[in-house]
Amino acid sequence: MTVREALNSALDEEMSADPKVFLMGEEVGEYQGAYKISKGLLEKYGPERVCDTPITEAGFTGIGVGAAYYGLKPVVEFMTFNFAMQAMDHIINSAAKTNYMSAGQISVPIVFRGPNGAAAGVGAQHSQCYAAWYGSCPGLKVLAPYSSEDTRGLLKAAIRDPDPVIFLENELLYGESFPVSAEAVDSSFCLPIGKAKIEIEGKDVTITAFSKMVGYALKAAEILAKEGISAEVINLCSIRPLDRATINASVRKTNRLVTVEEGYPQHGVGAEICTSVIEESFEYLDAPVERIAGADVPLPYAANLERMALPQVEDVVRAAKRTCYRSV
């Protein structure tokens, strides 16, 4: 199943199961979605539940949050999370904080979803990763799936959740196919929010990653295995809440940590993971923590510079080897 099919089927099943769920955003209806995620949904559910909006993130996000206040369950699609900057006030001040400020009287069951991070050759204003931004905000749940099974199970969990969820997809993963279990195809399938997934077990070094970078971490683990280094790869799945228990348990076993993310290094997801490990498992570390992230610059447009500014598989391999005191 492709990630695109996983998203489409999860949306379809949740809309079918609950008439309060509806989809809104730019080109989600007549055009079948900018990335064809909502293919067939307008025809099946009609324009009241698959709502094409004008190009005004600040407008339609506010409408979505208001609908959630009144008990509907909107799924708001952004063509890219870079454009959600226009709607930051609604997402943070209106959606994330209202449950707390109303002493639990108003819940805000809304999902904000769309591609996050770098695609290919779309320049700095369309390529930023917002995982750390949203991950620092109380009141939000932030998910960043990798495979089709993650995507399907977590989108269903996000739609069913009574709180606002930021659902960070990756444009370059939409067309990728992944094997899925028989369980994942069932319409009742759902994954828990806040639980990381150990993709490969290992004993020498822990590698944490999310979204597209999980694929890079798995490729790095294959290369490392040929050189006698057994890497444990953790797919974070959830940025907030962060599964600190799984990360720390792994580091206590491997005694080494490499964090991988596409976003900026300063105040990043890797920085938070590093701090958690230092606070809870410092005495278990046999080497300094290695942090792989994007370069600390707005992402260049030129393909050669873009490649240099984003983490590559070889960067992960070198970092893991450094933690094991192997020559690189």
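These legends accompany several close-up views of the predicted model shown above.

The model is predicted, and local features need pLDDT of at least 70, side-chain atom pairs count only at pLDDT 80 or more, and totals for chains, interfaces and linings use all residues. Residues are numbered from 1 along each chain as its sequence is written, and side-chain values use heavy atoms, with hydrogens and water left out.

**View 1. The largest nonpolar core holds 51 residues.** A nonpolar core here is a set of buried Ala, Val, Leu, Ile, Met, Phe, Trp, Tyr and Cys residues joined through side-chain atoms within 4.5 Å. Buried means under 20% relative accessible area, exposed over 50%, and partly exposed in between (1.4 Å probe, protein chains only). The members that touch the most others are V50, L155, F167, I207, V258 and V260. Helix α8 (residues 212-226) supplies the largest share, eight residues; helices (H or I, at least four residues) and strands (E, at least two) are DSSP runs, numbered from the N terminus. Apart from this core lies another, of 43 residues, including V65 and I273.

**View 2. Here is I207 with its contacts.** Leaving aside residues up to four places away in sequence, I207 touches A217, L224, A231, E232, V233, I234, V258, V260 and V316. Contact means heavy atoms within 4.5 Å.

**View 3. E14 and K156 form a salt bridge.** A salt bridge is a side-chain nitrogen of Lys or Arg within 4 Å of a carboxyl oxygen of Asp or Glu, and the structure holds 19 of them. In the E14 and K156 pair, the closest N and O atoms are 2.9 Å apart. E14 sits in helix α1 (residues 3-17) and K156 in helix α6 (residues 148-160), so to speak distant parts of the chain, 142 residues apart.

**View 4. D243 meets K195 in a salt bridge.** The N to O distance is 3.2 Å. D243 lies in the loop between β10 (238-240) and α9 (244-254), while K195 lies in the loop between α7 (182-185) and β7 (197-200). D243 counts as buried because its relative accessibility is 7%, whereas K195, at 43%, counts as partly exposed.

View 5. A disulfide is counted as a pair of cysteine sulfur atoms within 2.5 Å, and the count comes to zero.
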